Amino acid sequence: MALRPVRGSPYAGEMDVKELLSKVTDNLTVGRVFGEPIQHGDVLVVPVARIRGGAGGGSGAGPGKEEGSGGGGGFEATPAGVYVIKDEAVAWHPAVDVTRIVVGGQLVAVVVALVVRSILRRR
């Protein structure tokens, strides 16, 4: 995604924020969510991802006659799972996020330890 200076802009490095946001939005397509299907014998596997994206931009003038504009955006993709299609039956197999499970387990352990400590202090 190449950014071009605004036509007729007195500032050579100024970006066209509308064009930037348009390009970011164009990249949020269903092709980013569903991967290429994988055929293995009579089984078709379709990978699926969770996609989150955001973008922003703006322009304005300072107390003098200084003007400026800018923008930016970002995406995050995490595996969600796969659809497995076999013999006209579709099954969903979610992806397991081991990091989330471990962090959740640690959080529960900390809460249990604090509750036990609180109970023992009252005695």
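What follows is a conversation about the strands, the side-chain pairs and the exposure of this chain.

Student: What should I keep in mind before I start?
Tutor: This is a predicted model, in which local features need pLDDT of at least 70, side-chain atom pairs count only at pLDDT 80 or more, and totals for chains, interfaces and linings use all residues. Residues are numbered from 1 along each chain as its sequence is written, and side-chain values use heavy atoms, with hydrogens and water left out.

Student: Which elements make up the chain, and what makes a stretch a helix or a strand?
Tutor: The chain has three helices and four strands, in the order α-α-β-β-β-β-α from the N terminus. Both kinds are DSSP runs numbered from the N terminus: helices are H or I with at least four residues, strands are E with at least two.

Student: How do you know that β3 and β4 pair?
Tutor: Two strands pair if DSSP finds at least two bridges between them. Strand β3 (residues 67-86) and β4 have six bridges, in the antiparallel sense, so they meet that definition.

Student: What joins β1 to β2?
Tutor: Three bridges join β1 to strand β2 (residues 43-61), and the two run antiparallel. Glutamine 39 stands opposite leucine 44 in β2. These strands form a hairpin with two residues between them, and glycine 41 in the turn has a positive phi of about 65°.

Student: How many bridges join β2 to β3?
Tutor: There are 19, and these strands run antiparallel too. Their hairpin has five residues between the strands. Among the facing residues, arginine 50 stands opposite threonine 78 in β3, while alanine 55 has glycine 73 in β3 as its bridge partner.

Student: Why are β1 and β4 called edge strands?
Tutor: The open sheet has the order β1-β2-β3-β4, with antiparallel pairing. β1 (38-40) and β4 (89-94) each pair on one side only, and that makes them the edges. Neighbouring strands of this sheet are turned by 25° against each other on average, direction ignored; for such angles, axes are lines fitted to C-alpha atoms, for helices over the stretch in contact, and angles run from 0 to 180 degrees between N-to-C directions.

Student: What makes glutamate 76 and arginine 52 a salt bridge?
Tutor: A salt bridge needs a side-chain nitrogen of Lys or Arg within 4 Å of a carboxyl oxygen of Asp or Glu. A search of the whole structure finds one salt bridge.

Student: Why is the pairing of tyrosine 83 and tryptophan 92 called tilted?
Tutor: Rings of Phe, Tyr and Trp (its six-membered ring) pair if their centres lie within 6.5 Å; planes under 30 degrees apart count as stacked, over 60 as edge-to-face and the rest as tilted. The structure holds one aromatic pair. Tyrosine 83 and tryptophan 92 lie 4.7 Å centre to centre with 55° between the planes, so the rings pair and count as tilted. Tyrosine 83 is partly exposed at 33%, and tryptophan 92 is partly exposed at 37%.

Student: What makes alanine 77 exposed, and which residues does alanine 77 touch?
Tutor: Alanine 77, in strand β3, has 53% relative accessibility, so it counts as exposed. Not counting residues up to four places away in sequence, alanine 77 touches Arg50 and Ile51, where contact means heavy atoms within 4.5 Å. Alanine 77 and alanine 49 are 28 residues apart in sequence and 6.3 Å apart in space, C-alpha to C-alpha.

Terms used:
Buried means under 20% relative accessible area, exposed over 50%, partly exposed in between (1.4 Å probe, protein chains only).
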